[in-house]
Amino acid sequence: MQKKIIYTVLLLVVIIGFFSYFLFSSEDTNSDYVAVTPIAVHNNGMEFIDSSACVECHKQIVEDHLKTAHFNSFQPANANTIKGNFEDGKNSFKLNDKVVFKMVAKDSGFYQEPVINNQNTPFYSAKMDIVVGSGTKGQSYLMWNNNNLFQLQASFFTPTDSWINSPGAPDQLAPARPVIERCLECHTTYAQNLSGSKKGNQFHKKNIVYGIDCQRCHGPVTDHIAYHKQNPEEKTAKHILKYSSLSRQQRLDACALCHSGLRIKTTERAFTFMTGDSLGNFSFPDYDKTSLADLDVHGNQYGLLKASECFKKSTLLDCSSCHNPHKKERGEFSSFNQKCMNCHNSLSNPIVCAGDKAEMQQMNNNCVQCHMPLVNSKAMKIQITEEEEVAVKVRTHFIGIYNQQNSKESGN
């Protein structure tokens, strides 16, 4: 009887051990993955995470992307993100005969302070809470007033390394301009509008995804991260939007949302278009095909590209043919020139440049500088002083033949 009890106990121990092994080993398989806490949640339920969660598997891509103008297009204001100077003698600009704007650094942050008629006390002191723009051409600054977002009157212009009156602002002291959701749609990955109106400027401060990050183009990544954490041996990307799976127009639409000038919205709100959607279902441009070649160079790279013969004669050319959105490529002319030659040298009848040989040599055979020059914008002009106004130079995306005055002669 005693032996039978012992055998029974031993059998129970073996059974318990057997099930415990599979139970706990199964838990251990998933124990390495800890769900990533979202930093914001879209109105459609999509969760946004911090880009740092992508570093473990995509370290170089993330580090490169953090340097791009896209990522740095909308950032909290601090000593690293503000490009303007706060040193005496370099921290002000004269708005008119009565008003001088001074930029002041304090322990609590960075401020714009207009002084009227040399008074000791500024008319107001407005804190710069957010920086808009990477600083390549310049920056503007936003402030919070409770949950309401406003643009401040002073901006920074990189070509002259100086503070200026914000583009479009009057030459008189003016109220801060409300910032609406469409403005944020092209500078952030997501911002939650609390006002109930697309023209309102009230936003959830803690539900903003700063800059244009991975999720703007690749969609939600929480399932992607969870799957690959739990299946580290899987090398094929799962649960993520791949650009190679998109049609040419879908790829173009992803860029056209913000690079096709002013768009007329349908009933849809900002941040409703997602990469992979058809942009025409959400908004349409305020120009027609007959005026494409006359578009301003500021903000309408998509329209100008579509007007180019290079685009018209290609079935493959899109924005990503020349631009790698993961990397900062500004100034890398040799790389862009090679992309031009990759197409033109592959044609059955390669194009031979008929330009002046001496000029070509002087420009180091720079295709981009010659066929996509910097052109004065008609829409974007900067008031440097009371007397001096300059046009912002923008590289045109109308690929064509230009004379020495940079006027378009014909598309080719």
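Which residue lies over the face of Tyr111, and how many Å from the ring centre? Select Lys106 and Tyr111: Lys106 is over the ring face, at 4.6 Å from the ring centre. A charge counts as sitting over a ring if NZ of Lys or CZ of Arg is within 6 Å of the ring centre and within 35 degrees of the ring normal.

The model is predicted: local features need pLDDT of at least 70, side-chain atom pairs count only at pLDDT 80 or more, and totals for chains, interfaces and linings use all residues. Residues are numbered from 1 along each chain as its sequence is written, and side-chain values use heavy atoms, with hydrogens and water left out.

Select Arg248 and Phe311. Arg248 lies over the face of Phe311, at 4.1 Å from the ring centre.

**Aromatic rings**

Next, select Phe86, Phe110, Tyr141, Phe156 and Trp163, which form one aromatic cluster. Rings of Phe, Tyr and Trp (its six-membered ring) pair if their centres lie within 6.5 Å; planes under 30 degrees apart count as stacked, over 60 as edge-to-face and the rest as tilted. By this rule there are 10 aromatic pairs. In one of them, Phe86 and Trp163 have ring centres 5.6 Å apart and planes at 70°, so the pair is edge-to-face. Phe86 lies in the loop between β3 (74-76) and β4, whereas Trp163 is in strand β12, so the pair ties together parts that are 77 residues apart in sequence. Helices (H or I, at least four residues) and strands (E, at least two) are DSSP runs, numbered from the N terminus. Trp163 is buried, with a relative accessible area of 3%. Buried means under 20% relative accessible area, exposed over 50%, and partly exposed in between (1.4 Å probe, protein chains only).

**The open sheet**

Show the sheet formed by 4 strands: it is open, with the order β4-β5-β6-β7 and antiparallel pairing. β4 (92-94) and β7 (126-127) stand at the edges with a single partner strand each, so one side of each has no neighbour in the sheet. Two strands pair if DSSP finds at least two bridges between them. Strand β6 (residues 109-116) is joined to β7 by 2 bridges. Select Gln112 to find its bridge partner in β7, Ala126.

**Positive phi in loops**

Select Asp161, in the loop between β11 (154-157) and β12 (162-165). Its phi is near 50°, a positive value in a residue other than glycine. Asp161 counts as exposed, at 52% relative accessibility.

Finish at His239, in the loop between α5 (222-230) and α6 (248-259). His239 is not a glycine, yet has a positive phi of about 55°. At 48% relative accessibility, His239 counts as partly exposed.
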